[in-house]
Amino acid sequence: MPQVYNWQLGRPMGYPFEEKHPQWQFAFVFNTNRCIGCQTCTMACKSTWTFSKGQEHMWWNNVESKPFGGYPQHWDAKILAMLEAENPGGQVWDVSQKDANIQPFGTFKGKTIFEAAPTHVGPEGAQTVLGYLPTDAEWGSPNIHEDTAAGGKWKPGQYGGSTQLPEHKVWFFHLARLCNHCTYPGCLGACPRQAIYKRPEDGIVLIDQERCRGYRKCVEGCPYKKVMFRPNTNTSEKCVGCYPRIEGKDPELSPNGEPAETRCMAACVGKIRLQGLVKLGTDGKWANDPDNPLYYLIRERQIALPLYPQFGTEPNGFYIPPRWVSRAYLTQMFGPGVERAIEQYSCPDRELLAVLQLFRTQRQILFKFRIEKGPKIAEIPVRMPSGQTKVQELFNDTVIGFNKFGKEVVRVTIEEPTFERPKAQHVNSI
Ligand code: SF4
Ligand code: SF4
C-alpha cells in the first residue's frame, strides 16, 4: 500500500492511492459551544439538494445530540469498536513530541481504517478500507435522542450531578456534521469503480454518477457515514460542497465571481460556522497563511480540532470543542488537542477574540483578516478549566474580513453597537 503523510496523525500512513493534492482545500470550523440544534442548516441543505424522489432519507448535513444521537445511529461507536477489535488496547497517542507543522498533536500509534482493513476478514474477505454498511433502521430517526443528556444519577426530587464548569456531570451537545471532504477519503479509497474523485481546484470530493454502479462500497468505507445510497437511481450520493457557490458562479450572490459559503454555512442561526478555502503547497502541506481565518484558528492556534482524526482520512472539518463536556469523551472524539483548545477558548486573548467575531458575518468566503486596535473597555474575571481565576482584558478592536480579491467585505467590533430609534418615527415600537 502506498505511504502518504497525515499531519493530524503526525506520521505517514498506508492509503490505497499515491499522495496527490489540490491547490486549495475546502475546509470549515464549527464552534460547538454555540450550536443550538435548530437544524436550519439541515433544512437549508435538504431544500437545495435532496428534495427529490429517492432522497427522502438523505440528510447530507445533519445535527445530532451527543453522546447518544447519531445519523446513522451509533455510527461512531460502531467504527471505534471495529478499530479496537483489530488493535486491542493499541489505539493510543504519543504526545511526547509535537511540532506545529508536521505533528501538532503528537503521533497516533494505533491503526487507521486503512491500516486495520487487512486483518478484518468479513463475509466478502478483507477490504481496502475497514467499515460497515448501516442497516435501513439505523438510517431512520435521524434526530433520535435529541437533547438527551448523559451522566448523573436520578434521585427522587432532584437531578443527579451538577452542571457547573469546568466539566458538567450531566451534559449533551449538538454536533453538526457534513462530508469532511477528507484529504484521504475512505469513500474514494473503497470504490472499486474509481467513480469518486477529489477536485484539483478545491479538494471537494464528488461521485461521478455515470461511473457509479451502486455497489455501496463508499457507504461502507466512509467512517463518518456521509455517503448515502439512492435506490431509484441505484447510485450513491453525497454532499457536493455547494460547488457552484464555491466557484463564485451564482449570479445573484457573486456578480463578480467571489466564492460564497455553502447553503448550510450561510444559513447558520447560531453563528457557529466559518467556512473557507486553505491554500496548499505543491507538497500537499498547508501553505503558511496566518492571515487566513481558518489557517489561524486551525494551524496557528489549534483551537479547532479534526473530528475523529484517528480514523485516518485527514478530515477538513474542524471543531472548537464544547467546554462543559467530559474531557475523556472529547479526547476520544477530537484527539489530544482538547485541553489546550478549551483553555484558549475559556479566556481568548485579544487577537483570538477578534477572529472569533468573524463567524457568519458575511456570505462571501473570507480569505484574509486584519485587526485594528481599539481602546480598553473592560476587565472580566474568568474561571479557567484549572479552577484558577484569570482576568480577561477586553478591547474594542475591529476585525476586518477580505474576500478572494482582497476587497473588504466585513467590519465588526468587539463591542456590539446599539442604536436607539427615534420614537416619533416608529409608532408601533413598544
Ligand atoms: S467524510 Fe466520508 S464521504 Fe466525505 S470525503 Fe470523507 S470519507 Fe468521503
Ligand atoms: S444552523 Fe447553526 S446553530 Fe442551527 S443547528 Fe445548524 S449549525 Fe447549529
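Q: How do the residues of the shell around ligand 1 divide into nonpolar, polar and charged?
A: Keep in mind that this is a predicted model. For a shell, we take residues with a heavy atom within 4 Å of the molecule. Here the shell around ligand 1 divides into eight nonpolar, three polar and one charged. Among the residues surrounding ligand 1 are Cys179, Cys182, Cys187 and Cys222, along with His181 and Lys238.

Q: Which elements give two or more residues to the lining of the largest cavity?
A: Those are helix H1 (40–49) and helix H7 (263–266). The lining includes Cys45 and Trp49, as well as Arg263 and Cys264. Sorted by class, that lining has eight nonpolar, three polar and one charged residues.

Q: And pockets? Which residues are the closest to the centre of the largest pocket?
A: A pocket is an open set, whereas a probe in a cavity cannot get out. The largest pocket has a volume of about 390 Å³. Of the 17 residues that line it, Phe17, Glu18, Lys20, Leu188 and Lys198 are the closest to its centre.

Q: Which strand gives the most to that lining?
A: Strand S8 (residues 196–198) does, with three residues. By class, the lining of the largest pocket divides into nine nonpolar, three polar and five charged.

Methods. Residues are numbered from 1 along each chain as its sequence is written. Chains are lettered from A and ligands numbered from 1 in the order in which they are written. This is a predicted model: local features need pLDDT of at least 70, side-chain atom pairs count only at pLDDT 80 or more; totals for chains, interfaces and linings use all residues. Side-chain values use heavy atoms; hydrogens and water are left out. On a 1 Å grid over the protein atoms alone, a cavity is a set of points where a 1.4 Å probe fits but cannot get out, and a pocket is an open set with protein on both sides within 12 Å along at least five of seven lines; lining residues have an atom within 4 Å of a point. Helices (H or I, at least four residues) and strands (E, at least two) are DSSP runs, numbered from the N terminus. Ala, Val, Leu, Ile, Met, Phe, Trp, Tyr, Cys and Pro count as nonpolar, Asp, Glu, Lys and Arg as charged, and the others, Gly among them, as polar. Grid points are joined across faces, edges and corners, and a volume is the space filled by probe spheres set on the points.
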